[in-house]
There are 2 protein chains.
Amino acid sequence: MSAATPPLLAGSSHRKPAGSGTRLRLLTAAREVVEDGGYGAASVLAIADRAGVAAGTLYRHFASKEELFVELFRAACDRELDVMRASADGVPAGGSHVDRLETVLATFASRALARPRLTWALLAEPVDPLVDAERLAYRARYASLVADTLRRAIEAGELPNQDVELTAAALVGGCGEALVGPISPLSDAEPSPERVVAAIRTFVRGAVGDRR
Amino acid sequence: MSAATPPLLAGSSHRKPAGSGTRLRLLTAAREVVEDGGYGAASVLAIADRAGVAAGTLYRHFASKEELFVELFRAACDRELDVMRASADGVPAGGSHVDRLETVLATFASRALARPRLTWALLAEPVDPLVDAERLAYRARYASLVADTLRRAIEAGELPNQDVELTAAALVGGCGEALVGPISPLSDAEPSPERVVAAIRTFVRGAVGDRR
DNA sequence: TTAGCATGTGAATCCTGATTCACATGTGCG
DNA sequence: CGCACATGTGAATCAGGATTCACATGCTAA
């Protein structure tokens, strides 16, 4: 009932390829499988196969399939958050806070459009409860990042006062949904990412009450 | 392999309680179970129990569990759409198209807040592929309703020109997401519906570029 | 060399529900 | 009455996957 936590970076033994190659391989395989088949296609067998190991091996590294997913999920979301944050910081010079806000969400959108399946999986696809809980948590974090930026803009007098939390959630959700059309497997139109992102920028500025 | 389609309104035989009471009872039971336990809790057994019949009976009326869900889903969504449409028509007199737009989404929000579980199920909860497909279709319909209203407002010169489809999707998604916080089982805060709806009205007007 | 540990294997096992089916029951009609 | 049809029953069966486990196979250290 203990174990479950593999070497990680070890401290006892000597050379170890670092972080157990197989563990990482499994994580990667899982991401790949999810990316092009969704969670539905991500059976233990499928993942193990892709990673080039036997099903049982997965359980040497993760207590359960769910746990693997949770880890995968966290990694993916953290990466997204980092990139979004970074993009905001990348708006230096005379950029306004509203510019930063717009940039954060445009980044979110661009990346989503670039990896539709994964985004779908992160945002909305059916999953086990454990992962779903994680999802809620991360949505909140996305919204929180947006909320911070929004708050700053308001404090700077760039925007009218408003319910920051709610607007932030609505922005994240709005962008997400606007993306779902283009993203979803059934989408027929498939408009150019540029147009979508442009429209999203407009949407964001309007939604927060920015009068250009 | 045929059958599956029960009496409905009959045409052959004589008196029949109309539409088979049991069928309806099953539909209702299913909705109830979903409303307070989500799809996860809605096993064939649970539904049948609630309806006061045996599991096998369900298959006298529906080809499969999925089919029952699809029907349930359609009924629920259609009802919502009707109410939303009606609410728009309820803005008579000198009301602007933007007023109508705002009303439609406020109605959406109010109703969602009143029946959190069901809304969650309709909007985002994990389901079988068949139902999920239905969900996409209905989301599109919601967005379409919003898009129509939005388009009219633009044509009337009340709003600046914009990507109507995308904005509509973003509005629906934004409202949905803004609602998820208050709605979700984990929500701690639980702000008053009034405040949420008010914030949503503001959000909508801004998002479409309405300068009050 | 050998014990010990980490890791891998994959067939067997378990679990969770959906779905089926052989058996009532009831009602109308010839 | 007795057949035919609609409907209901619920135990048995199936199916799809996750999880386990008894058995390798190294590699490291004494």
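A salt bridge is taken here as a side-chain nitrogen of Lys or Arg within 4 Å of a carboxyl oxygen of Asp or Glu. In the predicted model, the side chains of A:Asp163 and B:Arg195 form such a pair, with an N to O distance of 3.0 Å. Across the interface of chain B and chain A, four salt bridges are found by this rule. The model is a prediction in which local features need pLDDT of at least 70 and side-chain atom pairs count only at pLDDT 80 or more, whereas totals for chains, interfaces and linings use all residues. Residues are numbered from 1 along each chain as its sequence is written, chains are lettered from A in the order in which they are written, and side-chain values use heavy atoms, with hydrogens and water left out.

Chain A has ten helices and zero strands, where helices (H or I, at least four residues) and strands (E, at least two) are DSSP runs numbered from the N terminus. Helix α8 of chain A, residues 129-155, contains 27 residues and reaches 38 Å from its first C-alpha to its last, close to the expected 39 Å; the expected span is 1.5 Å times one less than the number of residues. After α8(A) comes A:Gly157, with a positive phi near 75°.

Of the 212 residues of chain A, 49% count as buried (under 20% relative accessible area, with exposed over 50% and partly exposed in between; 1.4 Å probe, protein chains only). A:Cys77 counts as buried because its relative accessibility is 1%, and A:Cys175 because its value is 0%. Over all chains the count of disulfides (pairs of cysteine sulfur atoms within 2.5 Å) is zero. In chain A, residues 24 or more positions apart account for 67% of the contacts (heavy atoms within 4.5 Å) with a separation of 6 or more.

At the interface, 28 residues of chain B are in contact with 28 residues of chain A. The buried area, defined as the accessible area (1.4 Å probe) that two parts lose on being put together, summed over both, is about 2,300 Å² between chain B and chain A, and carbon and sulfur atoms give 71% of that area. On the side of chain B, the residues that lose the most area to chain A are B:Leu166, B:Glu177 and B:Phe203, together 25% of what that side buries.
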